[in-house]
Every structure is written in C-alpha cells, then in structure tokens.
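Grab a pencil and work through the exercises below with the structure open beside you. Each one sets a task and then walks through a solution.

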Amino acid sequence: MQNAAVAKIFNDIADYLELADDNPFKIRAYRRAAEAVATHSTPIEDAAEAGTLLEIEGLGQATAEKTQEFLATGQVRFLEKLRDEYPLSLLDLLHVPNLGPKKVKQLYRERGISSVEELQSALCKGELQGLAGFGPKTLQNLQQGLLRMAEMTKRLPLGDARRVAANLVVALNSSADRIEVAGSLRRGCDTIGNINLVAQTNDAPSLIETFTKLPGVLEVGEQTDCDASARLHTGIEVHLHCATPRDFGAALFHATGSTQHLAEANQQAAARGFELRCDGLYRNDEFVAGAPEADIFKALNVPFIEPELREGAGEWEAAASGVLPVLVSLADIRGDLHTHSTWSDGTVTIRQMATEMRERGYSYFAVTDHSKALVMANGLDAARLRAQAEEIAAVQADFPDLKILRGIECDILRDGTLDLDDDILHELDIVVASVHSAFTLDEASQTARMVRAIAHPAVDIIAHPTGRVLGVRPPYMVNVGALIEAARDSATALEINASERLDLRDTHAKSAREAGVLLAVDSDAHAPRMLPNMALGVITARRAWCESADVLNTKSLENLMQWLNRPQSKPL
DNA sequence: GCCGTTTTCGGCCCGACTGTTTTCAGTCG
C-alpha cells in the first residue's frame with residue numbers, strides 16, 4: 001500500500017510551492033490530492049493499475065500522472081527538481097510554530113539558515129538581530145516555537161503510536177509465539193515516549209535478530225540475551241523484551257508499569273507475604289504465578305486492574321476494597337455527537353457519513369458542522385443551517401434505524417456569546433459549542449468567556465474544552481476547574497475529543513466525572529477515516545475511570561433525547 | 001492544479017490577529 005508515500009510526495013510538493021510563493025490554489029490542489037490519496041480506502045496502486053485514478057475526487061491529470069510516475073520509478077521528477085532548488089531540511093522549518101513560508105525563505109536567502117538546528121543556533125547567538133521583519137517579539141516567539149516543537153516531537157500522539165506498534169506486531173508476529181504491546185501505550189497515555197513490546201518465545205536470539213533488521217529500524221541500541229532496543233526512522237525508540245511461556249504474564253505486567261503502580265504492587269505483594277519479581281510472583285522463594293498476567297492479580301486476591309488504571313492513582317486501594325469501576329468500552333458507544341459534512345469542512349456528504357455510521361452499528365449521530373464565524377471552514381449561518389435541515393430529513397428517510405440529529409458546532413466568540421442567534425439554536429436537536437479563535441486570551445478572560453457559553457441554555461456539549469492539538473498546539477490558558485463547576489451547574493456535557501486532540505485529557509476528564517459532569521466521547525470526524533478514532537477517546541475515558549453511565553453517548557436514543565430536552569437549572 | 005459548466009476558462013479561502021510597520025506583511029485557523 002503506497003498511499004501514504006504518494007500523499008507525502010504531494011504534501012512535499014505543496015510545501016516547496018509554498019516556499020516558491022506559487023499560486024495558493026495550486027498549493028491547495030496538491031494538499032487536496034494528498035488528502036484524497038491518504039484517505040483512499042484501497043491501495044492507490046490498484047486504482048493506478050485499473051486506470052481509475054481520475055475517478056478519485058481531488059486527483060486530476062497532473063497528480064494522476066505523478067502518481068503513475070512514482071509507482072513506476074519510485075520518484076517524481078517535478079519534486080526532484082524542486083529539491084534541487086531548496087534543501088530538504090528547509091521543509092522542517094515550515095513546521096516551526098510562528099514561522100511561515102515567507103520567513104523561512106527570508107532566513108534561507110539572507111542568513112543561509114536551512115534547518116531547525118541552524119535556526120536554533122542563530123537565535124542563541126543573536127545572529128538574527130537587525131534582520132528586517134524579525135523584531136524582538138518575533139525572535140521571542142520563534143524561540144518559544146522551537147521549544148514547543150522540541151517538546152512535541154519527542155513524543156508520539158497515541159493514535160500514531162498505536163499504528164506504529166501495530167505494524168511492528170504484524171512484522172514480528174510470525175517470529176514469536178505471541179507479542180503484546182506494553183508500557184504507556186498499553187496504558188493508553190495521550191502521548192508516547194517509546195514503544196514497549198513483550199514477546200513470548202523460546203528462541204529469543206533469533207527474534208531479536210529479526211527485530212533489529214526490520215526495514216523501519218534506523219539504529220540498534222543496547223542488547224542482552226532477552227532485550228533489544230532500536231530507534232525507528234520516525235525517531236521513536238522501541239524496546240523488545242522476550243519472555244518464556246512461564247513468565248510472559250509477569251514480564252507484561254512489569255513492562256506495562258507505571259513505575260508508581262509497580263511500586264505499589266510490590267507493597268501489596270509484600271503485605272500478603274509474596275515477593276513480586278521480574279519473572280513472576282514468589283512466596284518463600286517458591287514460584288507462585290507468572291502467566292497469564294491475570295494470575296498474578298488472582299494470587300494477590302484482588303480483581304484484575306485494567307492497564308488504563310495503572311497509574312498509582314488509587315487503583316490498588318479501589319481493587320482491594322472491591323470498588324474498581326467497570327470501565328466504559330467501545331462496545332458501549334451508541335453514537336457520535338460531533339461530526340462534519342461537506343456543508344462545512346468535512347470531506348463527505350451527510351448521506352455518506354450516515355452510511356458509515358450505520359456500518360459502525362451506531363443508533364444515532366449528530367451532524368455538527370461549523371458556524372459562520374469559521375469562514376475558512378465555510379461555516380453555516382441560520383439560512384444555510386435551515387437548508388441543511390431539508391437534506392438531513394431526506395437522508396433520514398432512507399435510514400430508519402439511524403437517528404440523524406440536527407446540530408451545530410457553534411463558535412464561542414471572544415466575549416463568550418455564541419456565533420448564532422438563540423432562535424436558530426433552539427430549532428436544533430443538539431448544540432456543541434467550542435473555541436476556534438482568540439487562543440491567546442489571559443486565563444481569567446478565557447475562563448469567563450467559556451463559562452458564559454457553558455451557561456447558555458441552548459448549549460449541550462462543550463467540544464475540545466482546552467483547545468490543544470497533540471503534537472501541534474498546546475492548550476490555551478483556561479481554568480479547567482471553573483469549567484467543570486460551570487458544566488455541573490448547568491448540566492452541560494464536556495467533550496473528550498477523540499481525534500488528534502484527546503481533549504479533555506485524562507486527568508481533567510477524571511475531575512469532571514468526579515464532579516458529576518457527563519462526558520461526550522466524540523470523533524469530531526471530518527472524514528470517515530477519522531471515525532475509528534472513537535477508540536482513542538474511549539481509552540481516555542477509561543483512564544478517567546469512566547463507567548458507561550459517565551458517558552453521554554452510551555445512552556440509548558430515547559434516553560439521549562430525554563437528556564437533550566433536560567431542564568437546565570441556570571438561565572442565561 | 002482541480003473542477004464544473006454558464007463546458008476549455010474562471011473561481012477556488014477569507015478574516016482576525018500580531019508585530020512590525022507608519023500603511024501592511026505574515027501567520028494562523
């Protein structure tokens with residue numbers, strides 16, 4: 001499957017054209033082509049072979065030919081020519097926050113800066129002082145941008161890490177009896193520093209050799225008889241630990257962590273007269289349990305603690321006193337309350353989305369396109385929103401078992417008022433409200449703004465409440481505690497946005513749940529390929545100790561409709 | 001560069017914000 005490789009070609013071309021200050025619509029066309037290829041559900045080489053590339057929306061004559069050329073020769077001459085003009089490392093500079101194509105080009109032309117490292121060095125040495133357009137504030141912003149980028153690129157977002165790990169497991173599966181993902185990835189942390197794998201095998205040396213020779217491996221680190229580390233081309237480090245059938249469960253338990261959870265596990269074991277070693281649970285030097293992992297909990301006479309709870313945050317006490325939550329699972333999710341269509345910036349029609357939702361087995365979903373303030377996303381005003389109602393009704397007629405809720409993702413304006421008038425909001429089945437502007441307000445203003453929106457009687461859900469995008473943007477400054485209080489007082493749900501954000505994050509979601517605030521786990525899908533992200537949101541909800549009843553969209557349609565018509569205690 | 005049609009050209013993605021200016025360029029969503 002070459003879709004990702006072809007998409008990268010088009011994105012690189014778009015980056016280069018941006019540097020060259022080319023026609024912005026041409027650049028957009030390449031980005032669209034990249035998106036179209038990346039989200040194409042079958043291998044692009046199949047379409048190329050069948051001669052149906054032009055049938056893919058977003059691909060035209062030029063991009064189809066370049067796709068063919070890449071598949072045939074492994075390169076695209078047009079891109080090679082662009083590469084001759086600018087060094088490859090220049091593209092990395094485009095990803096520095098606060099740095100766009102114009103300034104990247106200026107830095108390259110006037111200071112010879114062609115990489116992130118060179119920019120860092122020039123900033124440190126004060127070499128950019130006096131450069132036109134680079135005043136003190138800009139230099140400070142660049143310094144902060146570099147810091148943010150360094151922090152973000154060190155860790156992989158959960159979704160990306162899961163894909164990398166899944167590929168590794170597939171690649172190694174035939175060489176081992178069994179392979180499991182462990183570490184922070186198994187616990188479902190929002191970002192992952194390194195990937196831990198535990199394998200069951202009787203031939204560790206040969207598995208380790210296979211592992212270190214995988215095509216994605218950039219450099220091999222330390223090795224022992226049963227452990228190996230390697231850095232992948234993507235920069236992420238992978239640890240492989242080999243265990244025997246006898247101690248596989250203990251190895252998985254230890255590799256899963258967290259450090260705090262393991263420290264408490266040792267205390268718990270000791271208190272019961274056991275000793276927890278790397279290869280199993282012992283009593284008086286006698287092996288008691290080592291596999292499966294669940295046997296260790298059984299021997300300690302506590303219920304199994306789900307990996308998402310293993311953070312040393314009270315899970316051992318809860319287990320010992322029999323009050324561990326029955327965590328929400330993906331199977332509990334009955335619908336998706338935050339999705340987009342071609343009416344705003346989604347890639348598929350309401351009908352196509354409905355088909356996807358039915359395939360996922362949902363009983364309902366909400367069409368929540370952007371509101372008019374988000375001009376770039378072609379946000380809807382009241383007139384278009386009313387026109388959309390007709391299309392929803394028409395599609396609904398063909399989907400008797402799937403309720404399509406009429407909704408909006410309404411912008412919360414700078415002063416906390418909503419982007420649309422009350423009369424149109426009250427016509428809708430569901431109102432999701434969120435912030436897409438003025439991220440730099442101070443904490444008090446941002447909090448007041450959002451609290452005002454939360455208290456609005458028409459608002460049902462606050463989407464991505466802290467505004468972060470994993471690996472892209474940190475949260476804005478806001479008092480989450482105050483948001484939770486306001487949400488509780490007005491019976492407003494807070495979202496765990498499952499795509500690219502994981503916002504609310506686990507700890508905040510836990511506080512919300514403890515305060516009695518309902519959480520909505522939503523995909524915020526702009527394309528069908530984003531629907532499976534729901535799993536990431538559910539993992540985050542599990543890390544927040546959520547049971548099914550804590551999550552709004554586990555409700556049956558009937559109960560959901562009842563909740564949407566709830567009386568809100570606080571008037572505006 | 002893609003797309004749709006009024007069909008081989010013209011429209012497509014625009015406004016807010018910031019920092020640097022002294023009337024606006026660059027970046028971002």
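## Exercise 1: Salt bridges

Task: Which residue does glutamate 69 form a salt bridge with, and is glutamate 69 buried or exposed?

Solution. Keep in mind that this is a predicted model.

- Step 1: The partner of glutamate 69 is arginine 77, and the closest N and O atoms of the pair are 2.9 Å apart.
- Step 2: Buried means under 20% relative accessible area. Glutamate 69 has a relative accessibility of 17%, so it counts as buried.
- Step 3: Exposed means over 50%. Arginine 77 comes out at 62%, so it counts as exposed.

Solution. 

- Step 1: Start with the contact itself: the two side chains meet in a salt bridge, with 2.8 Å from N to O.
- Step 2: Now place the partners. Arginine 186 sits in helix 11 (residues 183-187) and glutamate 293 in helix 15 (residues 293-299), so the pair ties together parts that are 107 residues apart in sequence.
- Step 3: Check the glutamate 293 end: its relative accessible area is 5%, so it is buried.

Task: Classify both partners in the salt bridge between arginine 277 and aspartate 285.

Solution. 

- Step 1: Find the pair; the N to O distance is 2.4 Å.
- Step 2: Arginine 277 has a relative accessible area of 25%, so it is partly exposed.
- Step 3: Aspartate 285, at 60%, is exposed.

Task: How many salt bridges does the structure hold, and which residues are linked in a network?

Solution. 

- Step 1: The count for the structure is 34.
- Step 2: The network links Arg187, Asp190, Glu311, Arg468, Arg505, Asp506 and Arg543.

## Exercise 2: The DNA strand

Solution. 

- Step 1: Count the neighbours. DNA strand B is surrounded by 33 residues, and the closest are Gly58, Thr63, Asn98, Gly100 and Gly135.
- Step 2: Look at the DNA side.
- Step 3: Sort the protein side by residue class: 12 are nonpolar, 13 polar and eight charged.
- Step 4: Ask which helices contribute. Helix 2 (24-39), helix 4 (61-73), helix 7 (101-111) and helix 9 (136-154) each supply at least two residues, and helix 2 gives the most, with five.
- Step 5: Zoom in on the phosphate oxygens. Threonine 63 puts a polar side-chain atom 2.4 Å from one, and arginine 473 has a polar side-chain atom 3.0 Å from one. With threonine 138, the atom is a backbone N or O, at 3.1 Å.

## Exercise 3: A helix and a pocket

Task: Why can helix 13 be called largely enclosed by the rest of the structure?

Solution. 

- Step 1: List the buried residues of helix 13: Phe248, Gly249, Ala250, Ala251, Leu252, Phe253 and Thr256.
- Step 2: That makes seven of the nine residues in 248-256, so the helix is largely enclosed.

Task: What is the volume of the second largest pocket, and how do its lining residues divide?

Solution. 

- Step 1: The volume is about 330 Å³.
- Step 2: There are 13 lining residues, and Arg148, Phe439, Thr440, Pro474 and Pro475 are the closest to the pocket's centre.
- Step 3: By class, the lining has six nonpolar, five polar and two charged residues.

How values were computed
Residues numbered from 1 in each chain as written. Chains lettered and ligands numbered in written order. Predicted model: local features only at pLDDT ≥ 70, side-chain atom pairs only at ≥ 80, totals over all residues. Heavy atoms only, no water. 1 Å grid on protein atoms, 1.4 Å probe; cavity = no way out; pocket = protein on both sides within 12 Å on 5 of 7 lines; lining within 4 Å. Points joined across faces, edges and corners; volume = space filled by probe spheres on them. Nonpolar A, V, L, I, M, F, W, Y, C, P; charged D, E, K, R; others polar. Salt bridge = Lys/Arg side-chain N within 4 Å of Asp/Glu carboxyl O. Buried < 20%, exposed > 50% of the residue type's maximum accessible area, 1.4 Å probe, protein only. Helix = DSSP H or I, 4+ residues; strand = E, 2+ residues; numbered from the N terminus. Near = heavy atom within 4 Å. Polar contact = N/O pair within 3.5 Å; in protein donor to acceptor, adjacent residues only side chain to side chain.
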